[in-house]
Every structure is written in structure tokens, then in C-alpha cells.
Amino acid sequence: MTVPHLHRADQTAAPPLLRVRDLRIDFAHPRPAVEGIDVTVGRGEIVALVGESGSGKSMTARAVIGLLPRGAVATGSIELEGREVLGASEEDLRRLRGAGVAMVFQEPQTAPNPVRTVGWQLREALRAHGAVSRAEARERAVALLRQVEIPDPETRVDHYPHQLSGGQKQRVVLALALANEPSLLLADEPTTALDVTVQAEILALLGRLRDETGAGVLLITHNMGVVARLAQRVVVLREGRVVEEAPVRRLFAEPEHPYTRQLLGAVPRLPSGSEPPTLAPPPEAGASAAALRLDDVRVVYPARRGQAAFTAVDGVTFEVRRGEVVGLVGESGSGKTTLGRAAAGLLPAAAGTVHVGGADLATLSARALRGVRRGLALVPQDPAASLDPRFTVARSIAEPLDVHRVGDAASRAARVSELLDAVRLDPGLAQRRPHQLSGGQRQRVALARGLALDPTLLIADEPTSALDVSIQAEVLELFTRLQRELGFACLFVSHDLAVVHQVSDRVVVLREGLVVEQGPAERVFGAPEHDYTRRLVAAVPEPVPAEEAQARRVS
Amino acid sequence: MSTAAVTEVAPAEGVRARRLRWGALAHGQGLVGVVMVALVVVAGLLAPVLAPYDPTQQIPGANLAPPSAAHWLGTDEVNRDILSRVLHGIRIDLVVVFLAVPVGAALGVALGLLSPLHAWADVATQRLLDVLLAFPVLILAITATAAMGPGLRTIAVVIVLAELPIFGRLARTSVLKVRALPYVESARVMGAGETWLLRKHVLPNSLEPLTVQLAVSMSVAVFIEGAMSFLGLGVRPPDPSLGSLIKDGIRNVWEAPFFVVGPLVVVSMLVLGFLLVAQAISAQRRR
């Protein structure tokens with residue numbers, strides 16, 4: 001079976017750089033992780049392997065570099081420059097890694113060894129494939145850092161990973177991968193852990209590196225925006241099978257498979273500049289006390305041994321009116337999570353006041369605080385830890401009722417089934433424990449728990465950022481519907497501008513602890529006033545192929 | 001809605017989860033460990049029934065006799081039946097293992113659980129535990145014996161003091177970790193009080209890592225009892241204990257090399273059994 005793809009002149013003669021045929025990877029698992037995948041990557045080509053968690057995309061990449069976990073059995077064929085990788089000896093694989101294929105890992109925080117300098121790690125990579133003298137290796141290391149566009153490489157080469165920012169660390173990881181001039185780069189979610197503005201830089205760099213080195217890139221990602229920016233060809237995976245393969249423009253313009261369409265449809269988008277902003281009617285202002293009001297709030301993490309006190313948030317003023325959803329956006333380190341925690345009363349404000357439902361959190365007695373908190377709920381970020389692993393779903397949802405001694409056992413049980421129904425969960429799940437649920441189901445349970453006492457204010461800290469796009473779309477849709485029905489106010493903390501745009505009435509943009517801009521969502525994202533907001537909005541990788549996006553921006 | 005059906009499922013689910021948690025003890029090294037410990041425990045509990053003689057009874061004419069049909073493990077230098085003494089000696093270890101260790105563990109966990117609630121109390125408790133940890137157990141044992149005189153009570157106190165800081169530290173660490181988890185913070189934000197959080201979330205989720213330590217501590221306790229009695233700091237003659245039996249055996253090893261075998265086998269079984277249990281539980285947790 002041949003799948004049509006971009007043919008380049010040099011590809012017709014020589015075998016493609018990477019040819020994966022009928023790859024199957026089996027575990028002792030109900031279903032094989034990968035069931036017959038075919039992928040080819042040509043020289044200088046960027047192919048994206050797209051899919052949600054469990055689609056087998058990372059397993060495929062690991063098979064290519066011979067790093068399958070123990071107990072995995074791979075069959076089929078993986079040819080790299082005409083040589084078979086599957087079944088190759090460990091010695092052959094070792095020669096292949098680095099020089100033939102190199103891997104760019106996902107997590108720049110942990111990928112470099114923290115106790116060695118950047119230069120040491122680059123030299124180690126260089127020396128793994130042939131003796132290089134110390135001086136030569138250093139020279140080469142500096143050149144590599146220059147290649148990945150790290151400023152002042154002669155100094156940086158002696159730095160330790162913790163002295164670099166997240167984006168620079170990812171550049172170092174790239175330099176490590178490039179050290180032995182591999183012909184194929186495997187990039188496994190190379191920008192997932194980065195902020196959007198940094199992500200945009202790294203993606204641009206990856207593109208330039210491909211042009212310079214002529215290496216092929218197999219890009220593994222779940223982010224359609226990243227695919228659109230970088231890839232030439234896209235292979236869509238689902239449950240270990242290829243559902244669609246197409247050049248990037250065609251895939252985005254006319255996706256054939258329903259799953260691809262669903263995937264593309266699930267991606268939250270920002271309005272493009274050409275569309276006129278549709279202004280939602282603003283919720284009636286000043287009708288009653290705001291659900292949450294922050295006045296000139298400063299949050300300081302006190303000094304600890306050898307570390308000066310750190311002001312995470314300073315001079316922040318905004319309010320969340322009753323029934324309104326306010327999105328709090330910012331990049332990592334902007335203080336958005338800190339502010340969310342201060343609003344929930346988990347952190348004290350060093351200066352300024354936090355009013356919840358008209359009551360100043362700082363002046364309340366413990367008892368009064370508990371009363372105020374009856375109308376407050378938190379939906380945490382990480383679905384793996386948002387529920388007590390020992391509690392059944394029913395017990396988790398009923399916990400607020402138990403805490404505040406609302407009703408008797410029967411009425412609580414009735415409320416639980418009502419809430420399960422509201423978040424569209426099967427009542428049969430009531431006696432399950434969190435480990436028996438999917439991430440999306442867990443976040444629904446967390447949402448149901450938050451709504452148990454009909455709160456006036458819900459604080460949601462990145463409630464969907466750990467979920468797959470299609471699951472995220474469902475949860476967001478559910479959230480919006482419930483918010484409209486129940487009319488609770490919400491402070492929605494997120495780094496994802498498109499998600500915030502979708503759910504929020506108003507937006508507060510934070511940068512390094514300061515409010516940069518705030519206003520109605522449509523206005524802030526449609527016509528940002530502040531330079532930083534503009535950069536933030538521009539950096540969001542839109543699920544529109546690169547050239548078209550450019551064309552649109554020019555027109 | 002199918003509330004009736006749902007409540008019916010509940011106990012079955014709970015049982016299944018518990019079965020999973022203790023499943024490690026139903027096969028492989030866990031099972032071997034449980035069987036070893038169980039054999040010794042049963043032998044100790046049934047000592048009055050099983051023992052052919054009174055542990056302090058002196059049998060005329062049987063001085064340092066080798067194993068025979070009448071005396072399976074032989075007799076000691078004052079004509080007492082060693083099997084009877086070993087069986088009764090086990091009971092001392094049972095008290096130590098199943099009373100002193102759990103008491104020390106419970107006190108330690110209570111300290112670890114409560115001390116982080118208050119900054120100053122926390123510092124004070126931790127420094128106190130530092131002091132206790134700094135004492136080698138045997139020095140602690142000698143000091144305690146000097147103050148209280150030798151005896152079972154002293155052994156128990158020493159073991160409680162030795163286990164207290166270990167459990168205090170472990171419990172505190174897992175409490176601090178669990179307290180910062182999102183589900184605990186969610187409960188806090190919805191208005192749950194500190195006692196509610198500790199009782200419902202923190203304690204149950206902190207205890208599981210401690211089960212491994214409990215099994216390890218039990219094996220160490222057998223060891224401490226043996227060492228103390230061996231040094232004459234523990235149980236006073238003529239009462240038997242495994243440690244004092246080993247001491248007597250070593251003294252007579254030239255004339256009666258079989259003497260020390262019985263008590264040594266029992267001590268080894270207990271120590272090894274508890275270690276196997278600990279390993280099995282921790283392997284299960286890692287999975």
C-alpha cells in the first residue's frame with residue numbers, strides 16, 4: 001500500500017531516510033500499542049506524527065531509536081537509510097544513535113544532566129562517536145551552541161543547566177541531538193513544556209536547523225498548531241493505527257477521516273484578526289458585591305535560607321462579578337497560579353485585600369472563613385491528583401456536603417446522582433475509585449465536587465491543560481453549559497489563550513506578577529492594546545498551515 | 001436511577017481494592033515471609049501447650065544433653081529443656097514485636113502528623129527526634145537499663161524510643177507531601193477544617209508507605225531484644241528469652257554446640273520473615 005506524499009527530486013533515486021512498514025508493537029496488554037503503522041520520512045522533510053494519548057506515537061518514535069520499554073515486542077520493518085533497525089544488535093544500535101538518529105526529548109527541565117556543564121554534556125555526546133581532542137570538542141560545542149542560537153556561546157558553554165531558562169535548555173537539548181550530525185531527528189513533543197512565545201522561537205529554530213543541516217525530522221505532537229507551523233506532511237494516529245496521511249495543507253483544508261475532522265474541530269482557536277469581534281453583552285456591573293475582588297494585592301514568598309524574599313504578584317487589582325467568567329492568563333512565572341491560590345485563601349496577601357463575596361479574607365475568623373468557603377470551590381489542574389485516591393467518586397462528590405453537614409445520607413446520595421448527571425457521567429461510576437477513571441472523567445468528578453454546594457465562585461486552575469484536545473473540548477463545553485445554567489462566577493486560570501478565549505467574558509493578562517492588560521475577552525484577544533499581549537496572541541500556533549497564516553497576516 | 005444496584009457494588013469494590021493491597025502477601029516471597037512469621041507466632045502463643053517441660057524446671061541427670069527424643073533441642077547447663085525455653089522465649093519477642101513496635105510507631109506517627117500544624121512545635125519536635133536518632137540503640141539500651149534496671153519493660157521502652165523518631169520522620173515527610181496535594185487543597189478551599197483534612201485525607205494516604213517500615217522495624221526489634229538480652233541488659237534469668245538463650249548457648253558452645261541452634265533458627269526466621277514481608281509490600285507499592 002502506498003500513501004501519496006510529497007515527492008522530492010532526491011527521494012526518487014535513493015531510499016527514503018526513514019521507512020517504517022507495518023510496525024506492530026505488542027505488550028502484555030489488551031490491545032497492541034501500535035498496530036501496523038507505515039511512515040516514511042525523506043531527507044530534509046518534516047513529518048508530523050499526530051495523535052492523542054494512547055495513539056502509539058511515542059512508541060513508534062522509541063522503536064525507531066531502539067528504546068522500547070522492556071516487554072515490548074516489535075514486528076514489521078524500520079529501515080533507516082536502507083538499514084534495518086528492528087532486531088539490530090545493541091552495538092549497531094549504539095552506533096546508529098546520535099550519528100544516524102537523535103532524539104529531542106520533551107522535558108527540557110530534566111533532559112540535561114543538572115550536575116554537569118552544558119559543555120561537558122556536548123563533549124560527551126561528541127566523544128561517544130569517535131575520539132575528539134578536548135580543545136576540538138570544546139570548539140565544536142561552542143559552534144553547536146551558536147547553531148542553536150544561544151547568545152554568547154563561549155560563556156554559556158561553561159554554564160550549568162539551572163543557569164539557563166527553559167527555552168535555552170531546550171536549545172541545549174537540540175544542540176545535544178545535533179552533535180553528531182544525525183540524518184534524522186526524532187522530536188517528541190519538543191515544545192509542549194514551553195511557554196507559547198518560547199515555543200514559537202523553538203519551532204522557528206527547528207525549521208531553520210532543518211534547512212541548514214538537511215536532516216529529516218519526525219515530529220511527535222498532539223498540538224495541531226505546532227503541526228501547522230512546522231510540518232510538511234502529517235500522519236494522524238489513533239489507537240495504534242494510521243487513520244489519515246496527507247500533506248499539511250490538504251489535511252487542514254480538507255480532512256478526509258472523521259477523526260481528523262474531530263481532532264481539528266476540537267482545537268480551541270483565537271479569532272483571526274479579520275473577523276469582527278462579536279461583543280458579548282457584559283454582565284450587569286455593580287448590581288451586587290463582586291464574587292471576588294482583589295485590591296492592589298501583593299503576594300510574597302518569604303525569604304528562606306540564602307534566598308531573598310520573592311514577590312510573585314504585585315499591585316494586582318481586578319474583580320470577578322457575579323455570574324462572570326474571568327480568564328487569568330500568563331506564561332510560566334507570571335504569578336497566575338499564585339494569584340489563584342491567594343484568591344482561594346490558600347496564600348495570604350502581603351499587601352492589599354482579597355474580598356470573596358464581600359468578605360475580606362484576611363480579617364475573617366477561622367469559623368467565618370469556613371462559612372465564606374462554603375460558597376467557594378477549587379478545580380485543580382492535575383487530574384492524577386485532583387481526587388483522593390482512596391475515595392470513591394460518590395464520596396469525593398459528597399465531600400463538601402459532608403464537610404458542611406448538609407442534609408442526610410439519602411439527600412446527599414440524591415445530590416450526588418444529580419451532579420453526576422449534570423457533568424454527564426454514568427451513575428454506574430459512582431462507586432469507582434479515581435484510578436479506574438480516565439483523566440477527563442476525573443476532571444468531571446472534580447467539577448461535580450466543586451458544584452456540590454452551588455458555589456458563587458469557582459476557581460479553576462488550568463483544569464483542562466493535562467487533557468487531550470478532544471477531551472478538553474468536551475470538558476470545556478460542559479463547563480460553559482453548566483456555568484450558563486447555574487450562573488456561578490469563575491476565575492479561570494490558564495496559559496492557553498485559546499481556551500481562555502473560549503470560556504471567558506473578561507480576561508486579565510499577567511506578566512511577571514503585574515497586570516499588563518484587562519478587558520472583555522473579545523477586545524483583548526481581537527485588538528490587544530499592550531505590546532506583550534500582542535506578542536502572546538501572535539505566538540499562539542494556530543491550526544492553519546504556515547504559509548496560509550502568513551498570507552492571511554499580510555492581507 | 002440505579003442507586004440500589006450501585007450500593008450493592010460498593011462492598012465488592014472495596015474488598016477487591018483491599019485484596020489488591022494485601023495481595024503481595026498471598027504469593028511468592030510475601031507468602032514465605034508470612035508463613036515464617038506465623039509459624040513462630042503460633043509456636044509462641046501455644047508455648048504452654050507445646051512445651052514438654054516447664055521452662056524453669058530442672059531435670060535431674062540431663063546436663064547439656066544433646067538432642068534426643070526426650071529433649072528435641074537438648075538441655076542447658078542447669079538441666080533445663082531448651083525446646084521449652086525457646087518456645088516460652090518467643091513470647092517475649094511477641095510482646096516486643098506486636099506491642100512495643102506498634103506503640104512506638106503510633107506515637108511517632110502522631111508526632112509526625114500533628115507537629116507540622118504549628119511552626120514552633122514542628123521545630124521543637126524535629127530537634128527532639130534528632131537527639132533520639134543520634135543515640136545508637138545500644139547506648140540508649142545501656143542508659144535505659146542503668147536508669148530502670150534490666151527487664152522486659154526496659155526492652156519495650158528502648159524499642160519505643162528507637163522507633164519513635166523513625167516513624168516520626170517518615171510520617172512527617174508523607175504528611176507534608178500529602179497536605180500539598182490538590183485534592184487536599186480543594187477540600188481546604190471548600191471549607192474543610194484542619195482535623196477533617198488530617199482524618200479524612202492526610203492520615204489514610206500517609207499510612208500506606210509506613211507499612212513497609214513497620215515490617216522492617218518489627219524485624220529490627222527482634223534483633224534489639226536479642227542484642228540486649230545477649231548483653232545481659234534484657235530479660236533477667238531464670239526467665240527465658242531468645243537473646244538470653246543465645247548468650248547461654250554461646251557460653252557453652254564448646255561443650256554443647258547444638259545449644260545455640262534452636263534459638264538462632266527462631267530469631268532468623270522472625271527477622272527474615274518480617275524482611276520478606278516488608279520487601280513484598282514495597283514491591284507491590286512500586287507496581
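What distance separates the centres of domain 1 of chain A and domain 3 of chain A, taken over C-alpha atoms? I found 41 Å between these two centres.

I noted that this is a predicted model, in which local features need pLDDT of at least 70 and side-chain atom pairs count only at pLDDT 80 or more, while totals for chains, interfaces and linings use all residues. Residues are numbered from 1 along each chain as its sequence is written, and chains are lettered from A and ligands numbered from 1 in the order in which they are written.

**Domains.** For chain A I recorded domain 1 (43-68 + 92-265), domain 2 (292-375 + 455-554) and domain 3 (388-453); the bounds come from an automatic or database domain assignment.

**Sheet.** I traced an open sheet of six strands in chain A, with mixed pairing and the order E6-E7-E8-E3-E9-E10. Strands (E, at least two residues) and helices (H or I, at least four) are DSSP runs, numbered from the N terminus; two strands pair if DSSP finds at least two bridges between them. Strand E6 (101-104) and strand E10 (241-247) of chain A each have a single partner strand, so one side of each is left without a neighbour in the sheet. I then looked at strand E9 (residues 233-238) of chain A, which pairs with E10(A) in the antiparallel sense over six bridges. Leu237(A) lies opposite Val242(A) of E10(A).

**Chain contact.** I listed 27 residues from chain A and 24 residues from chain B in the contact (C-beta atoms, placed from the backbone, within 7 Å). On the chain A side, helix H13 (366-373), strand E16 (376-379), helix H14 (393-403) and helix H15 (409-422) each supply at least two residues.

Key
Contact = placed C-beta atoms within 7 Å.
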